[in-house]
Amino acid sequence: MNKKGHVALAVAAGSAVLWAAPALTGSAVQGVVSSVLVVALAAIGGLAPDLDHKTSTASQMIQLSAKRRHMLQKLSLGLLLIGALLYIGRFMWGPPSDMVSILFKSAPLWLGAGALSWAFARLRSIVLIGAGALLLAAYNLYDWHWIAAFGGASLMILPLVKHRGIIHTPEFAAALTIGLLSLSGQHGGTVQALALGFVTGWWAHLAGDCFGREGIHSLFLPRVGIAMKLFSNGGATERWIARICWAGSVVIWINLLTPSASIIHHLI
């Protein structure tokens, strides 16, 4: 599935969870806020597994465009080359004039600019690794829940794994679900809504991928997987599935907001 299909399916799944378990929404304003949080995090969770893809919608949120990345890569190479030549020139050049001496002393600036350009060109990897390192540090320093260490390690390996690899497996999703629901059980309220929405969207993403050609595979049994090959990515069938999901979400929300007048109420 592409972005539109994954979001539509995740929102429908999040809405269905709210309808199936109305106690989660609480009452009045708190209930509406919790419901919105569940569905919003479901939409985010529906995109999150594609962080392992360099050009996915999720990855594009934490990196520059491909054109700018390529430009920065070339700029980085040029700046580093100039800095290296200036640094070497300090030892190979004869007694330099004042102007040449100043130029040679600027070598660290050129090298630093090159390194900064290189960092911006690889912003996605730096963000993922940095966020993962912070979670691991928080787990060690502040005795956070074990899901922090799990999430931190997962983020740090994302730049290295292939698309539809480890984080697209049911085993990974199961560990993530257990961890987040365990954490939310200790806090309840808003944290519970956020966790429930996110894991619902994550599972909805995997379910959507099952309909495509590549499907999903087991982590421990790589040859075991589900790939129904019912439609091509972004094709007409997927667009119709997205429309049906959005329509279902609207019906569910009508039921949630006005239960006495809802379509579902009269059908039941």
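## Nonpolar surface patch

In this predicted model, Tyr-139, Leu-141, Tyr-142, Trp-144, Trp-146 and Ile-178 make a nonpolar surface patch of about 710 Å². Patches are made of residues with over 30% relative accessible area and no salt bridge, with nonpolar side chains (Val, Leu, Ile, Met, Phe, Trp, Tyr) joined within 5 Å and like charges within 9 Å. Accessible areas come from the Shrake-Rupley method with a 1.4 Å probe, and for residues only the protein chains shown count as cover.

Helix H7 (residues 123-142) supplies the largest share of the patch, 3 residues. Helices (H or I, at least four residues) and strands (E, at least two) are DSSP runs numbered from the N terminus. Trp-144 lies in the loop between H7 and helix H8 (146-157), and its relative accessibility of 45% counts as partly exposed. Buried means under 20% relative accessible area, exposed over 50%, and partly exposed in between (1.4 Å probe, protein chains only).

## Helix H6

Helix H6 (residues 107-121) has 15 residues and reaches 21 Å from its first C-alpha to its last, close to the 21 Å expected at 1.5 Å a residue. The expected span is 1.5 Å times one less than the number of residues.

Ala-107, Gly-114, Ser-117 and Ala-121 are buried in H6. Seen down the axis of H6, its buried residues fall within an arc of 95°, so they line one face of the helix; the arc is that of the directions from the helix axis to the C-beta atoms. These buried residues pack against helix H4 (66-92), helix H5 (98-105) and H7, where contact means heavy atoms within 4.5 Å.

## Salt bridges at Arg-164

The whole structure holds 2 salt bridges, each defined as a side-chain nitrogen of Lys or Arg within 4 Å of a carboxyl oxygen of Asp or Glu. One joins Asp-209 and Arg-164 at 3.2 Å, N to O. This pair links helix H10 (residues 189-210), which holds Asp-209, to the loop between H8 and helix H9 (170-187), which holds Arg-164, 45 residues apart. Asp-209 counts as buried, at 2% relative accessibility.

Glu-214 also forms a salt bridge with Arg-164, the closest N and O atoms being 2.8 Å apart. Glu-214 is in the loop between H10 and strand S1 (216-217), 50 residues from Arg-164. Shared partners join Arg-164, Asp-209 and Glu-214 into one network.

## Positive phi angles

Most residues other than glycine have a negative phi. Arg-164 has a positive phi of about 60°. Asp-143 has a positive phi of about 55°; Asp-143 is in the loop between H7 and H8 and counts as exposed at 66% relative accessibility.

## Basis

Residues are numbered from 1 along each chain as its sequence is written, and side-chain values use heavy atoms, leaving out hydrogens and water. Local features need pLDDT of at least 70 and side-chain atom pairs count only at pLDDT 80 or more, while totals for chains, interfaces and linings use all residues.
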